[in-house]
Amino acid sequence: SGNITCAQSCLSVDLDIFVPDDQSPGGRKMLGKMKLQEGPYVIMIPENFGLLILEAFVDFDANGPGVGDLMGVYEGNPIPIAGSSVLDVNLSLDVSMDGKMPMQAPGQP
């Protein structure tokens, strides 16, 4: 669980869920997408699932994430999903000036 905050007003946030995968482009494989609102959120994942990567964006012009859209990643990616609840998975979405998702150093939180 965590909180999604937007740098400007946003009604619909796309939360993309990935797993690390060395064989896939970008080193990750997409599992799915959730449509959420700004604020608190909860995702139910099976215990001992493994690692997850979370990225979020707001597509203001409905043409996919790009310049001027809000984007953000969880700074602790990848998230280890083990036998207990994972809390404070917060994402802060800011305006992308280059149209690219912000990156963070790979590693474990």
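1. The model is predicted. Every remark below should be read on that basis.

2. Strands β1 and β8. Strand β1 covers residues 2-6, and strand β8 covers residues 91-95. The two run parallel to each other, with 3 bridges between them. One point to look at is T5. Its bridge partner in β8 is S92.

3. Strands β6 and β8. Strand β8 also pairs with β6, which spans residues 70-73. Here the sense is antiparallel, and the bridges number 2. L70 sits opposite V95 of β8.

4. D16 and its setting. Which strand holds D16? D16 belongs to β2, residues 13-20. Is D16 buried or exposed? D16 counts as buried because its relative accessible area is 8%, and the cut-off for buried is under 20%.

5. Partners of D16. The D16 side chain makes a polar contact with the side chain of K33, at 2.7 Å.

6. Aromatic rings. How many aromatic pairs does the structure hold? The count is 0. The ring of F18 does have a charged residue over its face, namely R28. The distance from R28 to the ring centre is 4.0 Å.

How values were computed: Residues numbered from 1 in each chain as written. Predicted model: local features only at pLDDT ≥ 70, side-chain atom pairs only at ≥ 80, totals over all residues. Heavy atoms only, no water. Phe/Tyr/Trp six-rings, centres within 6.5 Å; stacked < 30°, edge-to-face > 60°. Lys NZ or Arg CZ within 6 Å of the ring centre and 35° of its normal. Pairing = 2+ DSSP bridges. Helix = DSSP H or I, 4+ residues; strand = E, 2+ residues; numbered from the N terminus. Buried < 20%, exposed > 50% of the residue type's maximum accessible area, 1.4 Å probe, protein only. Polar contact = N/O pair within 3.5 Å; in protein donor to acceptor, adjacent residues only side chain to side chain.
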